[in-house]
Amino acid sequence: MDNVSVVIPAYNEATAVGPTLEQIQAVMADAGLEYEIIVVDDGSTDDTVSEVACYSAVNLIQHPHNKGYGAALKTGIRQACHDTILIIDADGTYPCEMIPRLAAEIGPYDMVVGARTGAEVHIPLVRRPAKWALNQLANYLSGVKIPDLNSGMRAFKREVAMRFFRLLPSGFSFTTTLTLALLTNDYNVMYVPVDYYHRTGRSKIRPIQDTVNFFSLVVRVVLSFRPLRVFVPLATVFTLLSFAKVVYDINAYDFHLATSTVVLVTLTFQVIVLALIADLVVSLHRS
């Protein structure tokens, strides 16, 4: 088992960060792991910093202002001393006792995700439809069944994550991007079922805005690595529409094509050519 750097992003988590740190320290001591804990305070306006400062063994890094969940994680990963990174939220939602299990699986795997599919999972009902739809889209576009797309508890190899730093966003979509980047580039990802508890304090998620951002992000990331997953269905739809319109015009206008039909056929060819160019660019970039 590798030594582990535990990275915890924190933004206004004064009520939960202390108990979370105590649990992590107890779990790591029992497991006999060599570890470090890095808490990145992302410009909190409550007593988060003073709570973390009570733990002398914890490396506290402060952002001068709120930069975002992903920005806090990137700061922690850059400062980490060990090759294995484990991220976990400071709000008490994830089971700290699973940290050694996730860290132990790193070796043949590049990332081990704590999938929120355990016996006790408390995801607000209002978020479940969007979460399900997002997962279905990600499953199709990546070509892989993903039990949990954006779990905030996972272990991964530092050098693998660093390869995609330019793509990893500063917001909540950090974990979604990392998952898709690894899966679409054929890295080995394992999922371990974990529980997900009621959070302590107030959620920072903005349901509508963040959901829209997540959907656009999934398409954007897949376009970066597997563009044909997006373009082939699009080209198929345009091809069928063009064929149907040509057949209709031939029968309705005595073998003459309407201007709209010519435009549709031209657009279909453009989509096909764009798909081939996108796939070529991605292939050349990989090589």
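Nine residues of helix 3 are buried (under 20% relative accessible area, with exposed over 50% and partly exposed in between; 1.4 Å probe, protein chains only): Tyr 69, Gly 70, Ala 71, Ala 72, Leu 73, Lys 74, Thr 75, Gly 76 and Ile 77. Helix 3 spans residues 69–79 and is mostly covered, with 9 of its 11 residues buried. This is a predicted model: local features need pLDDT of at least 70, side-chain atom pairs count only at pLDDT 80 or more, and totals for chains, interfaces and linings use all residues. Residues are numbered from 1 along each chain as its sequence is written, and side-chain values use heavy atoms, with hydrogens and water left out.

**Overall layout**

- The protein chain has 10 helices and 7 strands. Both are DSSP runs numbered from the N terminus: helices are H or I with at least four residues, strands are E with at least two.
- Of the 287 residues in the protein chain, 46% are buried.
- Along the principal axes, the C-alpha atoms fill a box of roughly 85 × 40 × 40 Å.

**Salt bridges**

- The structure holds 6 salt bridges. Each is a side-chain nitrogen of Lys or Arg within 4 Å of a carboxyl oxygen of Asp or Glu.
- Arg 116 pairs with Asp 148, with the closest N and O atoms 2.7 Å apart. Arg 116 lies in the loop between strand 5 (111–115) and helix 5 (128–142), and Asp 148 in the loop between helix 5 and strand 6 (154–157), so the pair ties together parts that are 32 residues apart in sequence. Both Arg 116 and Asp 148 are buried.
- Arg 226 and Asp 186 form a salt bridge at 3.2 Å, N to O. Arg 226 lies in the loop between helix 8 (207–225) and helix 9, and Asp 186 in the loop between helix 7 (174–183) and strand 7 (189–193), so this pair ties together parts that are 40 residues apart in sequence. Arg 226 is partly exposed at 22% relative accessibility, whereas Asp 186 is exposed at 58%.
- Lys 245 and Asp 249 also form a salt bridge, with the closest N and O atoms 3.2 Å apart. They are 4 residues apart in helix 9, which means a separation of about one helical turn. Lys 245 is partly exposed at 24% relative accessibility; Asp 249 is buried at 0%.

**Second largest pocket**

- This pocket has a volume of about 190 Å³. The volume is the space filled by probe spheres set on grid points, which are joined across faces, edges and corners.
- On a 1 Å grid over the protein atoms alone, a pocket is an open set of points with protein on both sides within 12 Å along at least five of seven lines, where a 1.4 Å probe fits; lining residues have an atom within 4 Å of a point.
- Its lining includes Arg 128, Lys 131, Trp 132 and Lys 145.
- The lining residues divide into 5 nonpolar (Ala, Val, Leu, Ile, Met, Phe, Trp, Tyr, Cys, Pro), 3 charged (Asp, Glu, Lys, Arg) and 3 polar (the others, Gly among them).

**Nonpolar surface patch**

- Ile 250, Phe 255, Leu 257 and Val 262 form a nonpolar surface patch with about 380 Å² of accessible area together. Areas come from the Shrake-Rupley method with a 1.4 Å probe; for residues, only the protein chains shown count as cover.
- Patch residues have over 30% relative accessible area and no salt bridge; nonpolar side chains (Val, Leu, Ile, Met, Phe, Trp, Tyr) are joined within 5 Å, like charges within 9 Å.
- Ile 250 is found in helix 9 (residues 228–252). Ile 250 is partly exposed, at 32% relative accessible area.
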